[in-house]
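I opened the model and kept notes as I went. The entries follow the order in which I looked things up.

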Amino acid sequence: MTNFARVSLSPLILCLGLSACGGGSSSGGGQTQPTITSVSVSCSPSSIQANHTSKCTSTVSGTGNFSSAVTWSVDSGNIDQSGNYTAPASATTATVKATSGQDSTKSGTASIAVTPATVTWSGGPNPNIPVTGQCFSGDFNGDKKTDLACYTGSNGVWSIALSTGSGWQSEFWNGGPEPALPVTDQCFAADFNGDGKTDLACYTGNSGSWNVALSTGSGWQSEFWNGGPLLVDEWNVVPVWGQCFAADFNGDGKTDLACSDGVDGVWSVSLSTGTGWNTAPWSGGPVVPLPMTQQCLSGDLNGDGKTDLVCWTGESGAWGIAISTGSGWQGAIWSGGPTPVDEWYVVPVPGQCFTGDFNGDGLTDVACYSGSGGNWNVALSSGIGW
């Protein structure tokens with residue numbers, strides 16, 4: 001009989017190569033324990049009207065055989081567990097959140113801008129279309145809300161719709177200007193006496209005479225201001241907005257008029273005194289054919305509080321600049337600006353370009369659409385160039 005010694009094998013030796021022993025950091029087949037590393041969220045569209053919907057999707061990243069399931073939640077409005085968001089009835093910014101179903105410490109968010117829904121305000125003016133043939137917009141009662149003023153076509157009666165913020169307060173104001181239609185051929189709407197209320201100034205057709213209707217907030221104080229800008233003989237063919245800009249050219253808070261003769265760069269500038277015109281010729285301005293609004297825009301290019309003029313010369317990137325000194329023009333050519341597309345004479349400059357302070361530095365810039373692809377050529381003003 002053969003004697004065998006009793007051998008005691010340690011658990012470590014017995015478990016060598018056996019994945020079931022030792023627990024460790026590996027699971028069956030040597031795979032890594034599943035983990036969630038991040039959750040991201042996107043919603044399209046990201047800006048919707050009240051009560052409208054947006055579709056939200058989540059992207060879950062992780063390691064191993066992780067789960068991509070999420071739980072949806074939102075702080076304003078409603079969202080179902082498929083990511084379908086419904087906006088509330090009022091404007092807000094909603095934050096949509098997707099939380100990992102596997103790891104609740106991992107989540108992602110996205111914002112949805114909810115804008116007011118389009119509403120119908122009844123009881124307003126009843127003009128013919130196009131409404132610009134009869135109506136002007138402006139703050140006619142000085143309450144910081146934009147109102148409408150539409151000429152009825154009869155005896156100086158204007159239909160006024162004062163905005164309450166949620167509807168119209170409709171009135172008739174008598175004793176206003178009596179222009180021919182379309183009203184934009186003869187009139188400008190602006191604050192001509194600097195009291196915060198929008199007024200009307202309509203050219204009468206008589207040399208330098210304008211019918212100015214100052215708003216009292218509840219009616220017109222109609223006056224004739226003589227000695228205004230001198231318009232060329234073709235004023236009835238090329239209407240006033242084709243020759244003139246209404247803006248604050250001397251920075252005193254009252255709207256003035258600057259009108260070009262389209263020939264020699266001399267502009268007839270009428271500075272408003274609040275009760276009449278102080279008119280003088282300003283030389284050295286842009287030389288552009290009429291209607292000059294096909295080539296020119298206005299704005300405060302150097303940030304001194306006075307309105308300047310910027311006119312495309314027709315040459316690549318070159319713009320004629322007229323900086324207002326308050327009593328005349330300081331002319332210059334700024335190169336390197338936007339170049340409107342070839343059809344500039346068919347689609348005029350205001351049909352392609354906007355002036356505005358696009359970078360928030362207090363200087364007026366120019367942005368022109370390239371005509372395709374959503375690309376805009378933006379010229380930021382430095383005050384002395386683009």
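I began with strand 13 and strand 14, which run antiparallel and are joined by four bridges. Two strands pair if DSSP finds at least two bridges between them. Helices (H or I, at least four residues) and strands (E, at least two) are DSSP runs, numbered from the N terminus. I looked up C187 and found C202 as its bridge partner in strand 14. On to strand 15 (residues 210-215): four bridges join strand 14 to it, again antiparallel. Here A201 has V212 as its bridge partner in strand 15. The hairpin of strand 14 and strand 15 has six residues between the strands, and in it G205 takes a positive phi near 95 degrees.

**Source of the model.** This is a predicted model: local features need pLDDT of at least 70, side-chain atom pairs count only at pLDDT 80 or more, and totals for chains, interfaces and linings use all residues. Residues are numbered from 1 along each chain as its sequence is written, and side-chain values use heavy atoms, with hydrogens and water left out.

**Burial of strand 14.** Is strand 14 mostly covered or mostly open? I find it mostly covered: five of its five residues (199-203) are buried. Buried means under 20% relative accessible area, exposed over 50%, partly exposed in between (1.4 Å probe, protein chains only). In a regular strand the side chains alternate between the two faces of the sheet. I checked both faces of strand 14: D199, A201 and Y203 are buried on one side, L200 and C202 on the other.

**Largest pocket.** Which residues line the largest pocket? I list F136, T184, C187, F188, A189, A190, W241 and A246. Strand 13 (residues 187-190) gives the most to this lining, with four residues. I noted a volume of about 190 Å³. A pocket here is an open set of points on a 1 Å grid over the protein atoms alone, where a 1.4 Å probe fits, with protein on both sides within 12 Å along at least five of seven lines; lining residues have an atom within 4 Å of a point. The volume is the space filled by probe spheres set on the points, and grid points are joined across faces, edges and corners.

**Largest nonpolar core.** I count 19 residues in this core, and C43, C56, W72, Y85, V96 and I112 touch the most other members. Such a core is a set of buried Ala, Val, Leu, Ile, Met, Phe, Trp, Tyr and Cys residues joined through side-chain atoms within 4.5 Å. Strand 1 (35-44), strand 3 (53-63), strand 4 (70-74), strand 7 (92-100) and strand 8 (107-115) each give two or more residues. Strand 1 gives the most, with four. I then took W72: its contacts (heavy atoms within 4.5 Å) include V41, C56, I79 and V96, leaving out residues up to four places away in sequence.

**S268.** I placed S268 in strand 19 (residues 267-272). Why does S268 count as buried? Because its relative accessibility is 12%. Beyond four places in sequence, S268 is in contact with residues including P229, L257, C259 and T279.

Four strands form it in the order 21-22-23-24, with antiparallel pairing. Its edge strands, strand 21 (296-299) and strand 24 (329-334), each pair on one side only.

**Whole protein.** I noted one helix and 27 strands. Of the 386 residues, 41% count as buried.
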